[in-house]
Amino acid sequence: MEFLIGVAVLFGIALVLALKSFGINQEYERGVVFRLGRLQATKGPGWFWLVPLVERVVKVDIRTITYALDTQETVTRDGVAVRVNAVLWYRAFDAAGVVTTVSNWQSAIVQAAETAMRDAIGQSDLDQMLKDRTTINKRLYEILTTTCNRWGVEFDAVEIKDLDIPAQMQRAIAREAEAIREKRARIIKAEGEQEAAAKLSDAARVIGEVPGALELRRLQTLSEIGVEHNSTIIAMFPTEILEAAKRLAAPAV
């Protein structure tokens, strides 16, 4: 009887160990298997079996993780204090590397991203951050890729989300933008006046070369005035009288 009880106990223990030796990985999971403390293999999605009391498994989620960095206060290359935050999209592409090269890999990624963001902003001017944020995002991506690829982690994207600058600097930027727009308006107005003067000079030259052109222009002006101001009375001198006056006023040769 005692023998049967012992066999039943051993059978129960073996059954429990056998059940614990089986595992299932989801499609987005990878299992890193260690045998007596040494890296053995990486199991893909589906079921797997472990040697009881000899092997253990560490599961790694390989889905893309979205993380919003806390706001960081740093100084740009031209000495302006700014407050920025960013968004990270990263994932583990090497499950064995993630488990064996870094402890608490997600926390390590966050710390590396905060440091890299400070470095990228410190190498950029304020104007570049306001006008060419894509270049800063690219530099930040390159820094993080170089640091984290050896951990088995790759980045899909890194984007600076918000940029806060001091109120005094905001007013200075607004005044600068207003001055630039005023300068542009004056240049456009001057160019328009220059083109108008050139056209008027050409028109005066044509009118001077053709005697009847001035009379036609005068008649057109009368027509326009008659439409806009019906009560206006205009007295005109004949063109011949004006020409005779010019000849009389000209000095005798």
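Visitor: In which sense do S2 and strand S3 pair, and over how many bridges?

Guide: This is a predicted model. S2 and strand S3 (residues 38–43) pair in the antiparallel sense, over five bridges.

Visitor: How many residues lie between S2 and S3?

Guide: Two residues separate them, and the two strands form a hairpin. In the turn, leucine 36 has a positive phi of about 55°.

Visitor: Which residues of H5 are buried, and what do they pack against?

Guide: Ile136, Asn137, Leu140, Leu144, Thr145 and Cys148 are buried in H5. The buried residues of H5 pack against strand S8 (81–92), helix H3 (105–122), helix H4 (126–131) and strand S9 (153–164).

Visitor: Which residues have the most contacts inside the largest nonpolar core?

Guide: In soluble globular proteins, nonpolar side chains tend to be buried together. Here the largest nonpolar core has 39 residues, and Trp105 and Leu144 have the most contacts inside it. H3 gives the largest share of this core, 10 residues. Trp105 is among the buried residues of H3. Leaving aside neighbours within four places in sequence, the contacts of leucine 144 include Leu88, Ala112, Ala116 and Phe155.

Key:
Residues are numbered from 1 along each chain as its sequence is written. This is a predicted model: local features need pLDDT of at least 70, side-chain atom pairs count only at pLDDT 80 or more; totals for chains, interfaces and linings use all residues. Side-chain values use heavy atoms; hydrogens and water are left out. Buried means under 20% relative accessible area, exposed over 50%, partly exposed in between (1.4 Å probe, protein chains only). Helices (H or I, at least four residues) and strands (E, at least two) are DSSP runs, numbered from the N terminus. Contact means heavy atoms within 4.5 Å. A nonpolar core is a set of buried Ala, Val, Leu, Ile, Met, Phe, Trp, Tyr and Cys residues joined through side-chain atoms within 4.5 Å. Two strands pair if DSSP finds at least two bridges between them.
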